[in-house]
Amino acid sequence: MLRGAWREIRYYPSAVFGLIIIILFVAVSIYTVITIPYSEAIRLWRGGEEVWGDTPRLAAPVWYNFLREQKLPLTIRMSSTDEGVQHHQEQAADNLWIHDVIYTFDFPYDEFPQDLGVFLQAQFEEKAPYVSLVLERPDGEEIRIEDLSVQGGRQVFLVSQSEDLHRRLGLPEGVETVVGLFAEDAQAEEPVPLKGTYVLRIEGTLFEPESTITSKLVVYGKVHGWAGTDHLRRDLSVALLWGAPVALSFGLLAAVGTTVTTMIIAAVGVWYGGWVDSIIQRITEVNMVLPVLPILIMIGVFWNRSLAIMLVAIVLLSIFGAGIKTNRAIFLQVKSLPYIEAARSYGASDLRIIFLYMIPRIIPTIIPSLVLGIPSFVFLEASLAVLGLGDPVLPTWGKVINDARVNGALLQGYFYWILQPSFALMVTGIAFAMLGFSLDRIFNPRLREL
Amino acid sequence: MAEEATLPAVTQEVPSEEPRRGVPTWQRVLRYTVVRTIMLLITVVVGVYLTVLIANMGGYVDEIRRGQIREQVALRLQNDPAYRALPQEERQARMEAEIRVAEKRLGLDKPFIVRSFMFLKEALTLDLGRAENMTSDSGSRQVRLIILERLPATLLLFGTSALLIFFLALFVSLYLSRNYGSFLDRLFVSLSPLSSAPGWFYGVFLIAIFAAWLKILPFGGMISTPPPETRGEYILDLGKHLILPVTAQILTSLFIGVYSWRTFFLIYSSEDYVEMAKAKGLPPRAIERRYILRATLPTIVTSFALTLIAVWLGQIIFETVFNWPGLGRTYYQAIGVFDTAVIVGITVLYAYLLAITVFLLDIIYAIVDPRVDVGGVQSAT
């Protein structure tokens, strides 16, 4: 029967479509787990400024540029150890060395960058090196951005945080400082960026022979990666990719756990009958009207919100569900079939009859409900995440939606932030539902005529 | 939760015994109702007891409370000059005595298992205590008042969506079963997988489209600020705020409902007695009403009960997404500020609301299904 069913699936376009998407998702999940191992994913997602410092905040996905006439800038990132970055070193006096680093970059975009940052690291014994940042614009103008001493061996300079520079550029209130650096005319109604080759000079002055400076220039863009970034500068592609294996395994484990246990309990109830059956029936009736979601929420709030705990709780609360009733009706029919009678007459044990004769008989009919169960569990996980009760460690689709919602992604127009994970959830859910509905028609022939 | 998306079983209930003849309807319904009421009460008790256990972390919270009391008493006594003048041993004895009094006042002297049943009684009688951080709009700290204040908003949203879903699904599915195989029929069947996503999910999309992008409907909330002055405008404004949440609720519940109900109608319309009625020359409307709708109604009521349970539970996230000032959003806020009393209170209320919903549908079920008697309880729900 099972083999025949697999052959039959071909005639259901929605089943084929659903199956293809599911296979695709499984492939993506496997790819993700191999290329971004668990520990790496956690590092990328929870690493802090160390990991996310180079990426822009709330940047749109790169594919936004395909849809736009006005191209948004990508992030330009250069380091003093890169090839193509010019160095200029000389000794100016006793105990005075000059080390200039010259970053040359093209800026061909139609919008302003988000910010400009210089990360400095210095090694010295006593006297910290002194650094001047100078920007040469394509029109020949030179802007002295900042002079600073690399105190503590580590300094980060962000243009957006320099009120002094904003004042020196004579920018009106409300105009970002970085606009003053890149605009053709910063005083215009709507300033446009000046395209061309910019040069950022880091003029270092060292006071010790062994002293060194390494630096990094980041011109933060407004698009990043294929998925964009969130309010913490995290690359959303990590969460979107890792959401797939998490959602698939969570949905699958919960659905299999629930369906299989439900089936066994229903079979046991029907086989033994009497008080066993009626207790199971009563528990089911009670359980079906329990406020499952509030109970799950309370477990999340008061105990633990890791996915594993949630999985166990969800399975426990779902075992005695509507499935018991459906399975029971079928098992009642199976129990009265002659081959069960025959098994009983040659002395087969109760367990043998339940597990080897009754359960295999109804496996085809529970496959559709298993497949249909997966999306509802996937969405349940997302629902908990949207309430702020997502797994504390793992990146999941639901958690991204929650972050986006809480930070007003829709109000402020960061549609990619909330729509990408929603879309992923929806495609997964609908793929499983389509396959499940078709399987339902294949395995329950009574529906097929309709 | 798994049953949300599954198609309700098409297996027909086989009554375990022949329905007894001659028992009047009211007696049958009454007996059935009593049995169901007892079952539902047990459900509420179990749900509330689970709530109590979880909220107290199986007794762990008591340990925390004891620690707090010890600390408070020690602090208070240390600021008391008379106490400091006492010798060491007497001080110790005095402190222990004060701690015992304080514990007794909170009932901490009894073991947790006893206390858990006291909590159960309090919760069941809706004696929900005082909130830790939250207040009602009128400024009260009574959990009961906080909840009661939010209940109308929730009932408005829930009632509107439930009624709309029921009648829309009924009429559409009747229409589709009449036009079986038509384009609309096939469209609804192929759209039924949409129901695998919960309501809040469509809410996000709807808000993105109609509020953020087209800017024609509000992002959320129940009433604009400041609220409109005249009554007519007020109702209009309320309606405008209802459109998106109700649409989202319908999107998630309608298609699966229509699909399964239409299937029931089709199954029942191929029964012999329907053919017989057709042969007698009865008008199609009469056949539909008397032979198809009447026979399917119990099944439909049962499947609608499952839908309503799902809608109730979805309400928490739903109101949060739509910023609807009802119970669900209060629940979410209570989670945010970790207000145990409010969380427990609303969970208890949910247990009651679910039971009441099912109870009402059970009565309807008993009235519409002539097979139901106490023996038939097993085949109900």
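Reader: Let's start with the sheet in chain A, then: in what order do the four strands come?
Author: Keeping in mind that this is a predicted model, the four strands of chain A form an open sheet in the order S1-S9-S4-S7, and their pairing is antiparallel.

Reader: And which ones are the edge strands?
Author: The edge strands are S1, residues 76-79, and S7, residues 154-158, both of chain A, and each of them pairs on one side only. Going from one strand to the next, the twist averages 10°.

Reader: How many bridges join S1(A) to S9?
Author: Four bridges join S1(A) to strand S9 of chain A, which covers residues 212-220, and the two strands run antiparallel. If you want a pair to look for, Met78(A) stands opposite Leu217(A) in S9(A).

Reader: OK, switching to helices. Why is H15 of chain A said to be largely enclosed?
Author: Helix H15 of chain A, residues 397-406, has 10 residues, and nine of them are buried, so the helix is largely enclosed by the rest of the structure. Among the buried ones are Trp397(A), Lys399(A), Asp403(A) and Arg405(A).

Reader: What do those buried residues pack against?
Author: In chain A, the buried residues of H15(A) pack against helices H8 (236-272), H14 (350-389), H16 (409-412) and H17 (415-443), and in chain B they pack against helices H8 (199-213) and H11 (284-322).

Reader: What follows H15(A)?
Author: H15(A) is followed by Gly408(A), whose phi is positive, near 70°.

Reader: Now H2 of chain A: what span should its 23 residues have?
Author: At 1.5 Å a residue, the 23 residues of helix H2, which are residues 13-35 of chain A, should span 33 Å, and the C-alpha atoms at its ends are 33 Å apart, which agrees.

Reader: Which of its residues are buried?
Author: The buried residues of H2(A) are Ser14(A), Ala15(A), Gly18(A) and Thr32(A), and they pack against H8 and H17 of chain A, together with helix H7 (183-191) of chain B.

Reader: At what angle do H2(A) and H17(A) pack?
Author: They pack at an angle of about 135°, with their axes 8 Å apart. That angle makes H2(A) oblique to H17(A).

Reader: Is the crossing left-handed or right-handed?
Author: The crossing of H2(A) and H17(A) is left-handed. Where the two helices meet, the residues of H2(A) include Phe17(A), Leu19(A) and Phe25(A), while those of H17(A) include Val427(A), Phe432(A) and Leu439(A).

How values were computed. Residues numbered from 1 in each chain as written. Chains lettered and ligands numbered in written order. Predicted model: local features only at pLDDT ≥ 70, side-chain atom pairs only at ≥ 80, totals over all residues. Pairing = 2+ DSSP bridges. Axes fitted to C-alpha atoms, helices over the stretch in contact; angles between N-to-C directions. Buried ≥ 20, exposed ≤ 12 C-beta atoms within 10 Å, placed from the backbone. Contact = placed C-beta atoms within 7 Å. Expected span 1.5 Å × (residues − 1). Parallel < 35°, antiparallel > 145°, perpendicular 65-115°, else oblique. Left-handed = near helix turned anticlockwise from the far one by under 90°.
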